[in-house]
Amino acid sequence: MDTQTLSLLHDIFQEVQQKQDWKTALDTLFVSLRGYFVFDNVAIYLVDPQTDGMEVAYARAVGRGKTAEADGVWGGSVANEVIAAGRMIIRETKRESENANRMDLAYLLGFPLYVGSKLSGALVFIRFGGPEYSSLHIQMASLQAFWAAALIERRDLQEARLQLDSVQRQMRLQDDFVSTISHELRTPLGFIKGYSTSLLRQDTTWDQSTQLEFLTIIDEEADRLAHLIEDMLESARLQSKTLQFKFSPVRIEAILRDVATRINTHIPELKITIDQEPLPSVQADGIRISQVFENLFSNAIKYAPNSEIHIVMSAVERGVRIAFADHGDGIPQEYLPFIFERFYRVPGERTAKGTGLGLYICKQIVMAHHGNIWVESVLDKGTTFIVELPIDPSTDK
Ligand code: ADP
């Protein structure tokens, strides 16, 4: 091999390797070598290990017959042959056409793609109207097939890496969760134990108002403990999809107003405003939907203390939308993609208590209704949670 060819290959290799995305890398590969090996279309067919079926993973038309042939259907049968035989196949096909021309004679060249040591698919080139493939062309094409297989392997490794990262993050969240939960469970339990032991002491007598105060604390802490345990069980049931939903026609605005009234009974100073247009009733599980609203209220109270809560309810195509806004500190953008994950809490100096289960529970409930929930937040301006529920989940998606 002369130095010029070597240097050319080196440059192409470098350019292809620098492309992050495997399809862009393939585009670069085929286009750079097209001056030395001419073809019209190329397609890659990969076997789906789950179904054993074959699908077109990549298709590109670079020459004549661009649009009509770009989808890769043309090479399916050669790809099947290549995969069955595990070796290169060359085939000439005469195509049925009313206007016979040279485009009707297709020259197909297929190569097996070995990813690792496994036969994972086939790469097929097509030339319309020739010329036939020379042995040098076959070598060039074979080089590209090797290269394509290496790029597919790189893609698989990148995907595996992403999965691994996500599993590692989950494991870290679980670890954090164990320490949070043990703290969260111990705190109310500590109060309950402390105040009841005090009340039971033989050597001291408590006046009635002190007794009442202690019993109130015990009662509230027991409620908190029950709530926490309920959240944990609920999130476990939602995750395992064993929670039953009871759908019936409900008026979302009535549910929201009920929750708001309940909250105002406990916190009369909390300012809640609700704007709404006439809304259709929706098929939903009213109790679960109240739970979503309760969680959103509770978060706004915790993370945007002293802020007014402004809710706008509107009708959207085949559904209703509830936008739930506070004017708190907001959430930094980099944490937004994670806040609906189980156990996730925004890191930082926040002192509010929590387990990272609330929004996860909200999201699971909304998804069980085939709805959608997302967040928009601006630092120092506030946070808005938006919930969309379809009128009838059974006909939606
Ligand atoms: P928890 O409140 O138990 O931590 P959530 O799942 O309800 O868990 O919320 C996840 C995180 O999202 C919280 O830790 C908090 O940092 C952030 N967050 C939720 N709601 C708001 C809000 N209204 N304003 C600012 N941050 C919020």
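**Domains.** I looked up how far apart domain 1 and domain 2 lie in this predicted model: their centres, taken over C-alpha atoms, are separated by 63 Å. The chain is split into domain 1 (3–154), domain 2 (163–239) and domain 3 (248–395), with bounds from an automatic or database domain assignment.

**Ground rules.** I kept in mind that residues are numbered from 1 along each chain as its sequence is written.

**Ligand.** A side-chain N or O atom of Arg345 is 2.5 Å from an oxygen atom of the ligand. From the backbone, Gly356 places an N or O atom 2.8 Å from a ligand oxygen, and a polar backbone atom of Leu359 is 2.8 Å from an oxygen atom of the ligand. The protein covers 98% of the 530 Å² of accessible area that the ligand has on its own (Shrake-Rupley method, 1.4 Å probe).

**Rings.** My search of the whole structure gave 15 aromatic pairs (ring centres of Phe, Tyr and Trp, the last by its six-membered ring, within 6.5 Å). One aromatic cluster is formed by Phe30, Phe37, Phe39, Tyr58, Phe125 and Tyr133. I also found Arg155 over the face of Trp22, 4.7 Å from the ring centre (the cut-offs are NZ of Lys or CZ of Arg within 6 Å of the ring centre and within 35 degrees of the ring normal).

Terms used
Predicted model: local features only at pLDDT ≥ 70, side-chain atom pairs only at ≥ 80, totals over all residues. Heavy atoms only, no water. Phe/Tyr/Trp six-rings, centres within 6.5 Å; stacked < 30°, edge-to-face > 60°. Polar contact = N/O pair within 3.5 Å; in protein donor to acceptor, adjacent residues only side chain to side chain.
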